[in-house]
2 protein chains.
Amino acid sequence: MDIKQYLQEKKKIIDIALESYFLKFSIHEDQKEVPPSLLKAIHHSLFSGGKRIRPILCISAYEAVGGRGEKIIPFACAIEMIHTYSLIHDDLPAIDNDDYRRGVPTCHKVFGEALSILAGDGLLTEAFKLMSIPPNDGNEALILELIHEIANASGISGMVGGQVVDIESEGKEVSPLILNYIHTHKTGALIRTSIRVGAKLGGADQETLNAFTHYGEKVGLAFQIIDDILNVEGNFSQLGKSVGTDIVKKKVTFPGLFGLEESKKKAKELIELAIHCLSSFGPEVDPLREIAWFMISREY
Amino acid sequence: MDIKQYLQEKKKIIDIALESYFLKFSIHEDQKEVPPSLLKAIHHSLFSGGKRIRPILCISAYEAVGGRGEKIIPFACAIEMIHTYSLIHDDLPAIDNDDYRRGVPTCHKVFGEALSILAGDGLLTEAFKLMSIPPNDGNEALILELIHEIANASGISGMVGGQVVDIESEGKEVSPLILNYIHTHKTGALIRTSIRVGAKLGGADQETLNAFTHYGEKVGLAFQIIDDILNVEGNFSQLGKSVGTDIVKKKVTFPGLFGLEESKKKAKELIELAIHCLSSFGPEVDPLREIAWFMISREY
């Protein structure tokens with residue numbers, strides 16, 4: 001399979017769905033209901049070159065277990081909205097104080113801090129609004145379960161918790177246990193959940209769900225280690241954001257704790273393990289296998 | 001009925017439920033899952049003397065239509081969590097820059113900006129996590145509908161939208177239409193929804209829901225006008241927050257646009273109208289009537 005083409009096709013589906021969700025606020029009877037500046041700030045961050053890796057993993061897992069049709073799309077989009085809100089808030093001066101992301105100025109550099117805080121709040125809330133549209137197909141209990149799982153992965157015992165430990169660990173000597181907490185919570189939890197949500201909505205049995213969950217955990221951790229490596233080795237034009245910032249901010253990172261070579265080895269090992277988790281499946285999980293391999297090249 | 005005792009009793013129920021929701025993160029197997037500082041910041045804002053007016057209205061509406069038992073509690077608590085997150089973010093230096101609320105230093109004065117942004121994000125996310133616990137009683141479609149309504153009232157076409165227009169209107173001459181937008185969205189939407197959610201979960205018929213909705217709209221607007229009046233006429237020891245700040249920040253307020261006397265007249269009129277909306281009901285709506293009257297005294 002052509003993984004680049006696959007990623008492009010899925011990205012397009014997500015982009016169109018996200019665009020159409022927010023477009024309705026500016027053209028319908030809702031016209032006067034949403035301040036245009038707020039929509040602009042949301043649009044700026046939502047369409048500034050995001051790779052859509054989480055929603056793509058969600059859709060891939062859904063289709064791998066036999067899920068068909070569009071009912072996965074609201075969940076895939078909601079996960080991307082939650083991811084985007086977290087970036088807007090992370091970039092704020094009070095937190096990571098980043099000026100660029102994906103090659104464009106961060107939300108607060110363009111729209112100011114107040115609007116950026118509120119754009120993040122709005123994105124997070126709209127994610128839950130989108131997921132809670134009742135499907136009227138008898139699947140309401142499952143939908144609730146998925147919303148609950150996504151909230152759990154994003155909340156204080158998930159992403160938000162990881163972000164707190166991340167900023168509290170800056171400049172400190174921390175144990176590998178703390179580094180693992182940061183990575184599995186700040187980045188890992190939502191990636192793992194993206195795959196689980198796709199699998200659950202697609203009707204996966206428990207054994208498949210377990211295998212996909214393990215795949216998601218490995219891939220999620222590898223993703224963050226690769227991100228850490230690129231912050232040391234990458235350059236602005238490749239990443240679209242400032243590099244070397246982790247060292248300046250004294251962030252706890254995998255290369256910081258174990259060195260670059262060990263980190264690269266670990267990332268590759270994790271990707272191999274992730275693919276191994278899928279060994280009992282056939283070509284239906286090829287996209288998940290290819291995404292894992294592609295991740296380590298990080299050309300997307 | 002003794003309304004003060006009623007409010008105290010309901011407040012206690014909500015306080016205990018909120019306390020127990022967050023307590024489980026610090027004593028269970030989740031022990032290492034949530035950073036203690038994050039729990040402290042959330043606790044600080046959640047238990048700093050909030051009047052619980054929104055969850056009380058939610059429970060009152062639920063019981064007025066015959067709702068019994070505890071299934072309203074997660075929704076009442078979630079609404080208070082959403083309200084609290086909005087206060088934490090509103091108080092931030094980049095937005096309203098308030099040092100005190102309810103007589104105690106605001107979250108960012110105690111825990112810093114970064115942790116306050118994340119405590120707000122955490123509260124908002126946990127609200128949806130709490131509401132989406134599947135009830136397993138065949139009511140899943142209704143639960144989804146309520147989550148959707150609450151997200152709608154809190155999102156970009158509700159509370160967040162109102163907050164954006166509020167800060168963008170500072171120092172500007174705005175029309176009564178804009179003032180109305182700010183009040184109905186920033187404060188009104190969640191109050192209205194608190195009552196609607198209680199009524200819906202309690203099994204209200206459409207006519208009752210309509211009457212309660214109108215009651216909620218009047219009460220929500222009156223609440224904000226009274227808040228505006230108190231910002232001019234109140235004092236710190238009575239309100240627990242700085243007064244006169246609206247004038248300093250050049251906020252668009254009801255007294256600013258129409259004067260104090262006219263504002264007081266309007267608030268009283270709205271309370272009377274709210275109670276009039278309930279005229280076809282019997283003693284079962286007495287708490288809603290009494291809360292409306294009590295509101296105008298604002299002794300709570």
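**Getting to know this structure**

Q: Which residues does A:Pro74 touch, not counting residues up to four places away in sequence?
A: Two residues count as in contact if their C-beta atoms, placed from the backbone, lie within 7 Å. With residues up to four places away in sequence left out, A:Pro74 touches A:Leu130, A:Met131 and A:Ile133.

Q: What kind of model is this?
A: Residues are numbered from 1 along each chain as its sequence is written, while chains are lettered from A and ligands numbered from 1 in the order in which they are written. Local features need pLDDT of at least 70, side-chain atom pairs count only at pLDDT 80 or more, and totals for chains, interfaces and linings use all residues, for this is a predicted model.

Q: Is A:Pro74 buried or exposed?
A: A:Pro74 sits in helix H4 (residues 73-91) of chain A; helices (H or I, at least four residues) and strands (E, at least two) are DSSP runs, numbered from the N terminus. A residue is buried if 20 or more other C-beta atoms, placed from the backbone, lie within 10 Å of its own, exposed if 12 or fewer, and partly exposed in between. A:Pro74 has 21 C-beta neighbours inside 10 Å, so it counts as buried.

Q: How many Å separate the C-alpha atoms of A:Pro74 and A:Met131?
A: Along the chain, A:Pro74 and A:Met131 are 57 residues apart.

Q: What share of the contacts in chain A with a separation of 6 or more is between residues 24 or more positions apart?
A: Chain A has 15 helices and 2 strands. Its radius of gyration (taken over C-alpha atoms) is 19 Å, close to the 19 Å that the globule rule (2.2 Å times the number of residues to the power 0.38) gives for 300 residues, so chain A is as compact as a globular protein of that length. Among its contacts with a separation of 6 or more, the share from residues 24 or more positions apart is 73%.

Q: Which helix gives the largest share of the side of chain A that touches chain B?
A: The contact takes 46 residues from chain A and 46 residues from chain B. The elements of chain A that give two or more residues to its side are helix H2 (36-46), helix H6 (113-131), helix H7 (140-154) and helix H8 (159-169). The largest share, 12 residues, comes from H6(A).

Q: Where do the buried residues of H2(B) fall, seen down the helix axis?
A: In helix H2 (residues 36-46) of chain B, the buried residues are B:Leu38, B:Ala41, B:Ile42, B:Ser45 and B:Leu46. Going by the directions from the helix axis to the C-beta atoms, these residues of H2(B) line one face of the helix, because they fall within an arc of 125°.

Q: Which residues have the most contacts inside the largest nonpolar core?
A: A nonpolar core is a set of buried Ala, Val, Leu, Ile, Met, Phe, Trp, Tyr and Cys residues joined through C-beta atoms within 7 Å. The largest one has 182 residues. Leaving aside neighbours within four places in sequence, the contacts of A:Cys58 include A:Ile72, A:Phe75 and A:Ile195. Those with the most contacts inside the core are A:Cys58, A:Ala222, B:Cys58 and B:Ala222.

Q: What is the phi of A:Arg52, about?
A: Most residues other than glycine have a negative phi. A:Arg52 lies in the loop between H2 and helix H3 (53-64) of chain A and counts as buried, with 25 C-beta neighbours inside 10 Å. Although A:Arg52 is not a glycine, its phi is positive, about 60°.

Q: Is B:Asn136 buried or exposed?
A: B:Asn136 lies in the loop between helix H6 (113-131) and helix H7 (140-154) of chain B. B:Asn136 has 9 C-beta neighbours inside 10 Å, so it counts as exposed.
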